[in-house]
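Colleague: I would like to learn how to read a predicted model from its strands down to its ligand. Where do we start?

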Amino acid sequence: MKFFVDTAVIEEIAELNDLGMVDGVTTNPSLILKSGRDIIEVITEICALVEGPVSAEVVATKADDMIAEGRKLAAIAPNIAVKVPLTWDGLKACKVLSGEGKMVNVTLCFSANQALLAAKAGATFISPFIGRLDDINLDGLQLIADIREIYDNYGYETQILAASIRSANHMSECARIGADVATAPPSVIKAMANHILTDKGLQQFLADWAKTGQSIA
Ligand code: G3P
């Protein structure tokens, strides 16, 4: 499973990128706001730092305007994936932009039917939002499984990009189901390293080591 990092903060991306944990980056208008940066400037910097796809989202709501914004964003760098919302106009924009050879990430997906439409419109990535479904007592991970089954039934090449990931468990469950990509905040990717028995075991080893009176360095 590829890891995308869901942030527009350069320092956070750079730290994970140095560890080889970043296969791509996703941003959205809320993350641009959180970064406090100008969208064109920060996306340009991210594209220079990361080799994989960098999602940058349009904010227009009409297809023609989305297409114009998408072309402008795609001109920033060859690794831009234009992010469009899963609306009828977004699907129209997806069809046109993907037809021009641009990567398109269709976002705000909350149903298997929406994912089916995005695949037919030529989406490179479909972004189902797990956490926001869980927030309203629906099953976000079940949606990932449903889309996996449907795409595999017909050989759709659209990659499932599991989004709105809130926990390390979401990451391992997405990997078990077979999501192609999971995008998560840096804090969640780091939390994947945590285990209470690792902490406990290390504490014991260090305590025993101190009793040996030895030194390695
Ligand atoms: O990539 C979409 C993601 O940023 C949404 O996450 O936590 O705002 O639902 P969240």
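Colleague: What joins strand β6 to strand β7?

Modeller: Two bridges do, and the two strands run parallel. Strand β6 covers residues 125–128 and strand β7 covers residues 159–162. Within this pair, Phe125 stands opposite Gln159 in β7.

Colleague: Now the ligand. Which residues surround it?

Modeller: The surrounding residues are Asp6, Asn28, Lys83, Phe129, Arg132, Ala163, Ser164, Arg166 and Thr183. The side chain of Asp6 has an N or O atom 2.5 Å from an oxygen atom of the ligand. For the side chain of Ser164, the corresponding distance to a ligand oxygen atom is 2.7 Å. Arg166 places a polar side-chain atom 3.0 Å from an oxygen atom of the ligand. The ligand has 310 Å² of accessible area on its own, and the protein covers 81% of that.

Colleague: Lys83 is one of the residues around the ligand. Is Lys83 buried or exposed?

Modeller: Compare its relative accessible area with the cut-off. Buried means under 20%, and Lys83 has 4%, so Lys83 is buried. This residue is found in strand β4.

Colleague: What does Lys83 touch, leaving out residues up to four places away in sequence?

Modeller: Lys83 touches Thr26, Thr27, Asn28, Ser55, Ala56, Glu57, Val58, Asn105 and Thr107. Of these, Asn28 is also among the residues that surround the ligand.

Colleague: And the protein as a whole?

Modeller: The secondary structure comes to eleven helices and eight strands, and the C-alpha trace spans about 70 × 40 × 30 Å along its principal axes. Of the 217 residues, 45% count as buried. The protein exposes about 11,400 Å², with carbon and sulfur atoms supplying 55% of it. Among contacts between residues at least 6 apart in sequence, 56% join residues at least 24 apart.

How values were computed
Residues numbered from 1 in each chain as written. Predicted model: local features only at pLDDT ≥ 70, side-chain atom pairs only at ≥ 80, totals over all residues. Heavy atoms only, no water. Pairing = 2+ DSSP bridges. Helix = DSSP H or I, 4+ residues; strand = E, 2+ residues; numbered from the N terminus. Near = heavy atom within 4 Å. Polar contact = N/O pair within 3.5 Å; in protein donor to acceptor, adjacent residues only side chain to side chain. Areas by Shrake-Rupley, 256 points an atom, 1.4 Å probe, with all protein chains shown as cover. Buried < 20%, exposed > 50% of the residue type's maximum accessible area, 1.4 Å probe, protein only. Contact = heavy atoms within 4.5 Å.
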